[in-house]
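Subject: Structure handover

Dear colleague,

I am passing on to you the structure that we spoke about, together with some notes on what turned up in it. Please have a look at it first and then read on.

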Amino acid sequence: MGRDIAVLVKASLNPEIVRQVSEGIYDIDYTPLKISDVDRNALEEAARLKGILGGKVYSITVLTWGPSKARDKDLKLAVQEALAKVADEAYVVVDDNVIPGDPIVTSNAIVGVLKSKGLKPTLILAGEASVDESTSQVPGRVAAKLGYSYVGYVRRVLEVREGSVVVERDVEEYVETLEAPLPAVLSVTQEINEPRPPTLIQIRMASRKPLYTLKLSDIGLDVKPKRLIRDMRVITVFRKQVLVEEASMEKAVEKLLEYLEREGVLRV
Amino acid sequence: MKALVISQRPSDAGELVALAKGFGEPVILAFQESASKVDEVAAYGCRVYRVRSDRPEALYKAAFSLYESLNPKIIVGPSTKNVKDATALLAGSLDIPMVTEVVELSDGGSVLTYKRGFMSERVTMKAEVPYPVIALVNPKIVEPAEKAGRGEVIDLNVGELKVNIVGVRAKELSGVKLEEAEVVIGVGRGFKSKEDLKLAFELAKILNAQVGGTRPIAADLKWLPEDAWIGISGKKITPKLYIAVGVSGAPQHMSGVSGSKVIVAVNKDKSAPIFKQADYGVVADLYKFLPILTSKLREKFPGRA
Ligand SMILES: Cc1cc2nc3c(=O)[nH]c(=O)nc-3n(C[C@H](O)[C@H](O)[C@H](O)COP(=O)(O)OP(=O)(O)OC[C@H]3O[C@@H](n4cnc5c(N)ncnc54)[C@H](O)[C@@H]3O)c2cc1C
Ligand SMILES: Nc1ncnc2c1ncn2[C@@H]1O[C@H](COP(=O)(O)O)[C@@H](O)[C@H]1O
């Protein structure tokens with residue numbers, strides 16, 4: 001059985017920074033990229049499981065949003081975090097021909113990296129959903145292409161056995177315990193662990209680890225995105241944003257109650 | 001041309017059949033609850049293939065074999081975890097587009113045109129993808145189809161599965177319908193212990209409110225039942241009044257409360273993002289503010305508690 005772990009790390013658009021260009025049109029160029037939140041949980045889990053499996057850890061990232069020149073700094077920061085946290089090496093696919101990417105390009109590129117570099121991880125860890133697209137499909141696609149077993153929404157990895165992994169999977173009304181044969185792809189939820197930021201020493205070490213930047217042609221791939229984005233609009237809900245700031249709590253309460261009385265929402 | 005409908009619950013079948021009709025002749029694949037209550041699903045008059053399982057892998061294998069034999073233009077289904085996990089495998093092995101949480105869809109000739117949330121639902125995206133395509137939709141985006149006779153039911157056998165089930169545990173649920181409440185108090189990590197939530201419950205009593213919370217409060221800390229978390233991966237609420245207490249205002253939480261008429265935020269950090277997304281923001285320590293708010297309301301509504 002192999003002992004390596006691959007972690008899928010997305011440099012997502014940061015949903016906390018949403019601005020309009022004009023009349024509701026979303027300003028995608030203004031939004032910086034950051035590591036997708038749940039991928040931090042995947043990295044933390046990889047750090048724990050590396051201690052059990054003892055193999056190498058590599059991170060794989062496919063740049064989805066461009067132009068690549070403008071995204072270079074953010075992308076590096078996300079990948080550096082993976083390297084600092086746990087990865088021994090990082091693979092990054094950057095190709096302006098497939099930007100903006102879609103899940104078809106992304107999953108093919110991830111599989112292309114593994115195949116062309118001869119990497120055979122026994123576990124592939126991913127997040128349950130990216131914070132920009134939230135489609136929860138890239139991990140399943142990768143599993144199908146590789147013929148790995150797949151479990152999505154993993155809340156706990158209970159045990160790694162010789163040839164299988166035992167996990168808890170979160171479904172809407174229940175939690176299942178499952179045994180999946182290795183090699184496997186797991187997408188993890190936020191609840192799986194509490195990600196700790198990398199330490200200063202880890203951050204310093206990260207710059208010495210190998211980072212491979214690849215184009216689609218380097219991994220022998222010729223795919224095109226199939227999605228055509230027509231329109232992106234900021235959802236604007238008007239909120240009054242009245243601030244109540246009082247040294248006296250009594251006064252603050254009175255003010256709030258006055259406002260709510262005026263809104264007619266207290267006597268329901 | 002066929003349109004394959006994946007039904008997980010009898011309650012989703014009517015809407016999905018209605019949607020599928022816009023693209024082709026609906027054929028249903030009944031899974032999980034819809035497989036055990038197949039008569040309710042067959043009542044729409046379409047042929048029903050049944051896979052008696054609740055495993056995504058079984059649904060994947062069944063959908064794959066139906067895809068090969070029926071050649072559908074579109075596969076529609078609900079945006080649930082089991083269906084997403086199954087169709088992600090299908091989309092990957094066929095390399096076809098898959099879109100989820102779709103709120104609008106229409107036939108654009110050689111492409112599917114659709115609308116869905118983006119950026120943790122702060123932005124809407126309109127896009128198109130070529131057929132064949134998998135489209136998982138949100139509930140209640142169309143009126144359900146009329147029932148029409150009884151369709152034929154055919155059982156599918158999917159053979160051995162790779163992933164084995166060891167056990168299932170029901171989640172602790174409150175059964176409270178936050179979606180229907182007129183007033184909701186939302187609790188966040190500003191509360192320091194489960195016991196302290198009684199401050200929110202006391203306020204709720206006076207306001208005839210229900211108590212919900214952020215995902216970490218319910219799913220991580222388990223201070224509230226698992227059906228009481230509000231947001232992109234939890235409940236969407238539309239109360240007259242939403243009072244968020246000790247909640248920072250992350251986009252994944254706020255997307256669940258955007259339909260509220262009035263939003264109040266109580267947070268001790270003046271720079272908390274929630275203040276930009278609230279009608280009334282109170283900069284205060286919840287431990288000092290809530291007891292006084294509750295006691296003032298008690299004076300105002302002496303009959304209530
Ligand atoms: C894919 C994905 C899906 C998600 N889905 C959801 C979802 O559906 N719902 C959801 O809620 N979250 C969801 N999240 C998590 C979300 O990103 C946030 O992490 C979460 O909402 C934060 O919860 P919180 O506001 O309780 O905690 P925090 O962000 O920690 O905020 C606590 C707040 O309490 C304030 N505070 C502290 N002490 C006091 C005090 N004494 N008095 C007053 N205020 C105080 C602090 O100033 C702070 O603003 C999701 C995340 C991801 C990545
Ligand atoms: N462009 C990408 N590069 C690397 N990993 C990705 C990429 N997109 C998605 N993933 C992985 O797939 C998970 C789910 O993303 P999504 O399918 O977009 O919701 C993410 O949390 C990542 O682990």
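To begin with ligand 2, it sits in the largest cavity; please keep in mind throughout that this is a predicted model. Around ligand 2 there are 19 residues, and the closest of them are A:Leu8, A:Asp39, A:Val62, A:Ser130 and A:Ser136. Sorted by class, this shell consists of eight nonpolar, nine polar and two charged residues. Strand S4 (57–62), strand S6 (123–127) and helix H4 (138–146) of chain A each contribute at least two residues to the shell around ligand 2, and the largest share, three residues, comes from S4(A).

The polar contacts of ligand 2 listed here are made with the backbone: a nitrogen atom of the ligand lies 2.8 Å from a polar backbone atom of A:Val62, while an oxygen atom is 3.0 Å from a polar backbone atom of A:Thr135 and an oxygen atom is 2.9 Å from a polar backbone atom of A:Gln137. Taken alone, ligand 2 exposes 480 Å², of which the protein buries 99%.

Turning to ligand 1, you will find it between chains A and B, surrounded by 30 residues, the closest being B:Arg189, B:Thr214, B:Ile230, B:Ser233 and B:Ser248. Its shell has 11 nonpolar, 12 polar and seven charged residues, and at least two residues each come from helix H1 (37–53) of chain A and from helix H7 (215–220), H8 and helix H9 (286–300) of chain B.

A nitrogen atom of ligand 1 lies 2.7 Å from a backbone N or O atom of B:Ile230, and an oxygen atom of ligand 1 is 3.1 Å from a polar backbone atom of B:Ile232; a side chain takes part as well, with a polar atom of B:Asp285 lying 3.0 Å from a nitrogen atom of the ligand. On its own ligand 1 exposes 980 Å², and the protein buries 87% of that.

Finally, there is the second largest pocket, which holds about 760 Å³ of space and is lined by 32 residues, with A:Ile235, A:Val237, B:Glu121, B:Ser255 and B:Ser258 nearest its centre. Strand S5 (98–107), strand S6 (111–118) and helix H8 (251–254) of chain B are the elements that give two or more residues to this lining, and S6(B) gives the most, with three residues. By class, the lining has 11 nonpolar, 13 polar and eight charged residues.

With best wishes

Note on methods:
Residues numbered from 1 in each chain as written. Chains lettered and ligands numbered in written order. Predicted model: local features only at pLDDT ≥ 70, side-chain atom pairs only at ≥ 80, totals over all residues. Heavy atoms only, no water. Near = heavy atom within 4 Å. Polar contact = N/O pair within 3.5 Å; in protein donor to acceptor, adjacent residues only side chain to side chain. Areas by Shrake-Rupley, 256 points an atom, 1.4 Å probe, with all protein chains shown as cover. 1 Å grid on protein atoms, 1.4 Å probe; cavity = no way out; pocket = protein on both sides within 12 Å on 5 of 7 lines; lining within 4 Å. Sits in = over half its atoms within 2 Å of the grid points. Helix = DSSP H or I, 4+ residues; strand = E, 2+ residues; numbered from the N terminus. Nonpolar A, V, L, I, M, F, W, Y, C, P; charged D, E, K, R; others polar. Points joined across faces, edges and corners; volume = space filled by probe spheres on them.
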